[in-house]
Amino acid sequence: MNQFGGAKSTAAPAAGAGKSYTPATNTVSPLDPSKFIDLPLKSVEPYNHNCEIYSFGLPEGQAALLPVASCVYLEASENHPNTLRDEKGKPVHRPYTPISPNDYPGEVKFLIKRYEGGKMSQYIHGLKVGEPLAVKGPLPKIKYESASYV
């Protein structure tokens, strides 16, 4: 029981929570909204019974710099021996939103839930450290303008 009468949480903190870091200084994202680029899997952290935090490497000291309210597409890398294809032979890709701060240097993190029958989530949960995943983005969902609704 916690101080409020509820059960204590056993979930891991979100990326960057409780950790200090020096923000990256790059002004251009190493990601590309017009094509997929391979990023190596750096680490996998358990989160709960069906979710894990996946950290993918970015160039040294650089951050993803995703704008507010944007996502990226994740796809099996063409450089991976097990490329993920749909029934028509086309690559499977899905949108994901990183959980790491946009200026977090050297990596971008995603909280991925494993869905039974989920092609992409099953694929990602099967990756080993060092294996690549293709990333395309940022893809803005809505344009955010600071203080425009004040």
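Reply: Happy to; below, each label is set against its cut-off, and please keep in mind that this is a predicted model.

Me: Let's begin with the overall layout. What makes up the protein, and in which order do the elements run?

Reply: The protein has six strands and one helix. Starting at the N terminus, the order is β-β-β-β-β-α-β.

Me: How do the strands come together, and why are some of them called edge strands?

Reply: The six strands make an open sheet with antiparallel pairing, in the order 4-3-6-1-2-5. Strand 4 (93-96) and strand 5 each have a single partner strand, so one side of each lacks a neighbour in the sheet, and they stand at the edges. On average, neighbouring strands of this sheet are turned by 40° against each other, direction ignored.

Me: How do you know that strand 6 pairs with strand 1 and with strand 3?

Reply: Pairing requires at least two bridges. Strand 6 has four bridges with strand 1 and six with strand 3, so both pairs meet that requirement. Both pairings are antiparallel. For two places to look at, proline 40 has proline 132 as its bridge partner, and tyrosine 73 has lysine 136.

Me: And what joins strand 2 to strand 5?

Reply: Seven bridges do, and the two strands run antiparallel. Within strand 5, lysine 109 stands opposite serine 55.

Me: What makes strand 5 count as largely enclosed?

Reply: A residue is buried when its relative accessible area is under 20%. Five of the seven residues of strand 5 are buried, so the rest of the structure largely encloses this strand. Strand 6 is mostly covered too, with seven of its nine residues buried. For the protein as a whole, 37% of the 150 residues are buried.

Me: Which residues of the largest nonpolar core touch the most other members, and which elements supply it?

Reply: This core has 24 residues, and Leu31, Leu39, Phe56, Leu74, Phe110 and Ile124 touch the most other members. At least two core residues come from each of strand 1 (37-46), strand 2, strand 3, strand 5 (107-113), helix 1 (119-125) and strand 6.

Me: What does phenylalanine 110 contact beyond its neighbours within four places in sequence?

Reply: Here a contact means heavy atoms within 4.5 Å. By that criterion, the partners of phenylalanine 110 include Ile53, Tyr54, Phe56, Val72 and Leu74, and also Tyr96, Pro98 and Ile99. Among contacts in the protein with a separation of 6 or more, 72% are between residues 24 or more positions apart.

Me: Why is leucine 65 called partly exposed, and where does it lie?

Reply: Partly exposed covers the range between the buried limit of 20% and the exposed limit of 50%. Leucine 65 has a relative accessible area of 24%, so it is partly exposed. Leucine 65 lies in the loop between strand 2 (51-57) and strand 3 (70-76). Its phi is near 55°, a positive value in a residue other than glycine.

Me: Where is the cis peptide bond, and what is its omega?

Reply: The cis bond joins glycine 137 and proline 138, with omega about 5°. Proline 138 belongs to strand 6 (residues 132-140).

Notes:
Residues numbered from 1 in each chain as written. Predicted model: local features only at pLDDT ≥ 70, side-chain atom pairs only at ≥ 80, totals over all residues. Heavy atoms only, no water. Buried < 20%, exposed > 50% of the residue type's maximum accessible area, 1.4 Å probe, protein only. Core = buried A, V, L, I, M, F, W, Y, C linked by side-chain atoms within 4.5 Å. Axes fitted to C-alpha atoms, helices over the stretch in contact; angles between N-to-C directions.
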